[in-house]
Structures are given as C-alpha cells and as structure tokens.
Amino acid sequence: MEHETCIGVLGGGQLGRMLSLEARRMGFQVIMWTGGDNSGAARLADHTITEPFNSQQAFQLFTTTAHCATVEFENIPSTLIDKVSTTIPIMPSSKAISICQDREKEKTFLRSKNIPTTAFQIVTSAETLQLALEKIPGDVILKTLRDGYDGKGQLLIKQNNNRPSASELWNTFGNHNAILEKRINLKSELSVICARSQDGQTIAYDPAENEHRNHILDISIVPARISDTLTSQAKQIAEEITTALDYIGVLAVEFFVDQDDNLLVNEIAPRPHNSGHHTIDACETSQFEQQVRAVTGLPLGSTRLIQPAVMLNLLGDIWLDPTTPPDWTPIHTTPGAKLHLYGKNHAKPGRKMGHITFTAPTIQTAIQNAEKIKQTYNIGTT
Ligand code: ADP
Ligand code: MG
C-alpha cells in the first residue's frame, strides 16, 4: 500500500492513540471511530468519528475514508466488524476477533489445538453452576463469557464451609452466560506479543512477566525471570496460536504458570496489549509499529529487546482530583524512565491514565527504579 493509505481504527482508547502515533510517524493517515468518546486517544488521529457504532452515516464515512481497518478494543460489536469486512479488509479477521471475544469459543479453539488451558465449565443457570462446582473442586472463578476486561465481570468463589449456595452465587453474579474456571495457584503470569504479516511471516517478542493488582496489570518485567525452556515454549505456543488463527496483525497471549512450571493459556487479546508497551522504548520495533506494518502489507520488524525494561501502569487513583495529575518531576529525574500519558481528561480509580517505562542495563536496576517510583506515588500500598 502507498503512503497516503488511511488506516481505520475501531475503538478510541490508549491503544489506538499509540497506534496513531506510530502510523503517523510512518506517513500513514488514521481515521478512528470511537463509538462515543472523544478521548485523548482520538485527538491524535487525522479523522475522528464519535457517532455510535450503529450509525449508517458513520459507517459510510469510515469505510470510504479508510483503505483497511483494525480494532484496538476487542469488544466492538461483531455485527459491525462483519459489516466492515464486506467493504474493506479488516485485520485481524472478524473470525479471529470473534474467537477472542468469547471465552467459550477461545477455550474450545485452544483445546482443539491441544494447547493447555485451565479446567473450565460453561454456566448458564444456577443449576449448571451447581454441576460445574461439583466438577471443578477447590477455588474457582466465575467469569462472563464476553465483554470482560481488567477483571470486570469476575467472581472468585472460595472452597470453604460457608460457601453460598449455587443460586445465591448466581444471583450475586447476575444472569449472564458465564464460564467457571479452576483458580490456578500462580507461580507467575506471562504474556507473549506475537505478530503475523500478510504473507504469513510470524514473529514473537520475548515473554513479559506480569504482576496484577486488583486484577489490573500493575507491572511488566522484560526479560521475564524464567528459564530459557519456558521462554521458548511460551513463544512457540504464541506463534502456533497466531498461525492457527490465520491471523494478520498483533496479538497477545496471556499465560498462567502454575507451581509445577506448566504453561496454561489464559486468554488471547486480538490487538496490541498493555504488557507490550515496553516495546516502544525497549525494542527495535514497537508492537504498534508492528501492527501498522502488518495491516499495511509491509514486512515485520525485529522484535529484539535492546535493553531490559519494566513497565509500570499509572491508574487514576494517584491523581489529586479527577483533572489534576500529580507532580511528575520524580519520574523525569529517574535515569531511563519514560513517561507516557494518554490524554484522558478525567481520572477515575482503576482507569488507565498512562504508563512509565524504565529501561536500564540490568533488569534488577529497572525493577529498583520502578519500586522507588511506586513508593513515591504510593502505588500498591492500598
Ligand atoms: P481480563 O479480561 O480482565 O484480563 P483475565 O481472565 O485475564 O480477565 O483475568 C484477570 C486476572 O485475574 C488474571 O491476569 C489473573 O491475575 C487473575 N485470574 C483470572 N483467572 C484466573 C484463574 N483461573 N486462576 C488464577 N488467577 C486468575
Ligand atoms: Mg487478561
């Protein structure tokens, strides 16, 4: 494709913002259809549509302006993704996105490829929940099949004597279609960002080691502190999944590592991922550049990690009030620290407002620098 090519992005969050920055640097145009929000993300696109996703007029504008399309948020209505795909190429395909939008389809797909996941049961009523609880002993997690993110739509159910009845649990959860998963005693969590080009070239980044707080990603450590065997296994599984989905673009595979060093796939995100933000400052090619390359038909770039890196998420909790950020001086004076802010105009607890990447000659130094900043801003003390 030529350089006047316009990339259409469905969604309007920070992933779209960082994608726009890379696309525009590379000489492409971006049209972003946010479906409502006129956020900081959308302000960086060449063209922005804020109309709802069911607007025919917006559909017309989007598909006549963009030469190709991608998603920055997987919970875009699948009817819209299908409809876009009949007019312009959408990458990844609507089929790949629909698998990743639904935990049942996702796990069934993984199982069909002999890729290990947690034990699970589909739940649609108090009765099926009761049966599922009998089939999966121990602590379990009930999750909505669709539309969950950052731990939203999840209920931890502990195995103990005062466990509420299945119908009480089902009422608390709300009547959704759900999946019951065995809760894994985690040794660690990993993710692998993987890209695939239009001619089928596949390339994976080194795994990130992820630490969550309240089910939201807190920090990512790269390289992960795991064995070489686990590193290559995780990359291999991610590449296998990418190829099996006939995928074009960037995806992220989230893994659980259990106490016996078994890798279990948790979920697949059909887009660049929060745990890949370090690639902007620490890798030869960022995950967003890789996405731009894939959707515009360019060859992929090297995923080489140039320096060890730690990524720390900045949530709205540390804002002084919804519109006043804290003083960033301590970050600007930390060697190797890069502040990224997403331009969102209203901070809320738990809302991702930005991140910091700490690069250093050793991963220990990067971790120490991140820990110091966490203390400075009281991150993780509550
Ligand atoms: P989300 O779509 O919100 O990212 P996840 O399924 O990835 O949903 O869950 C978020 C986090 O919750 C995981 O990264 C992990 O820390 C924890 N978690 C989820 N499922 C399990 C599980 N089966 N066992 C242990 N921890 C889990
Ligand atoms: Mg997740």
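The chat below goes through a sheet, a ligand site and some backbone details of this predicted model.

Me: What kind of model is it, and how is everything numbered?
Reply: It is a predicted model, in which local features need pLDDT of at least 70 and side-chain atom pairs count only at pLDDT 80 or more, while totals for chains, interfaces and linings use all residues. Residues are numbered from 1 along each chain as its sequence is written, chains are lettered from A and ligands numbered from 1 in the order in which they are written, and side-chain values use heavy atoms, with hydrogens and water left out.

Me: In what order do the four strands of the open sheet stand?

Reply: The order is S3-S2-S1-S4, with parallel pairing; strands (E, at least two residues) and helices (H or I, at least four) are DSSP runs numbered from the N terminus, and two strands pair if DSSP finds at least two bridges between them.

Me: Which strands stand at the edges?
Reply: Strands S3 (47–49) and S4 (68–71) do, and each has a single partner strand, so one side of each is left without a neighbour in the sheet.

Me: How many bridges join S1 to S4?
Reply: Four bridges join S4 to strand S1 (residues 6–10), and Gly8 has Ala69 as its bridge partner in S4.

Me: Which strands does H2 touch?
Reply: Helix H2 (residues 56–65) packs on the sheet and touches S1, S2 (29–33), S3 and S4, where contact means heavy atoms within 4.5 Å.

Me: Switching to ligand 1, which residues come nearest?
Reply: Of the 20 residues around ligand 1, those are Lys143, Gly151, Glu189, Asn266 and Glu267, a residue being near if one of its heavy atoms lies within 4 Å.

Me: What distances do the glutamate side chains show?
Reply: A polar side-chain atom of Glu189 lies 2.5 Å from an oxygen atom of ligand 1, an N or O atom in the side chain of Glu181 is 3.0 Å from a nitrogen atom of ligand 1, and for Glu254 an N or O side-chain atom is 3.1 Å from an oxygen atom of ligand 1.

Me: How much of ligand 1 does the protein bury?
Reply: The protein buries 92% of the 540 Å² that ligand 1 exposes when taken alone, with accessible areas from the Shrake-Rupley method and a 1.4 Å probe.

Me: And the backbone, where is there a cis peptide bond?
Reply: The bond from Met91 to Pro92 is cis, with omega near 0°, and a cis bond also joins Val222 and Pro223, with omega about 5°.

Terms used:
Axes fitted to C-alpha atoms, helices over the stretch in contact; angles between N-to-C directions. Polar contact = N/O pair within 3.5 Å; in protein donor to acceptor, adjacent residues only side chain to side chain.
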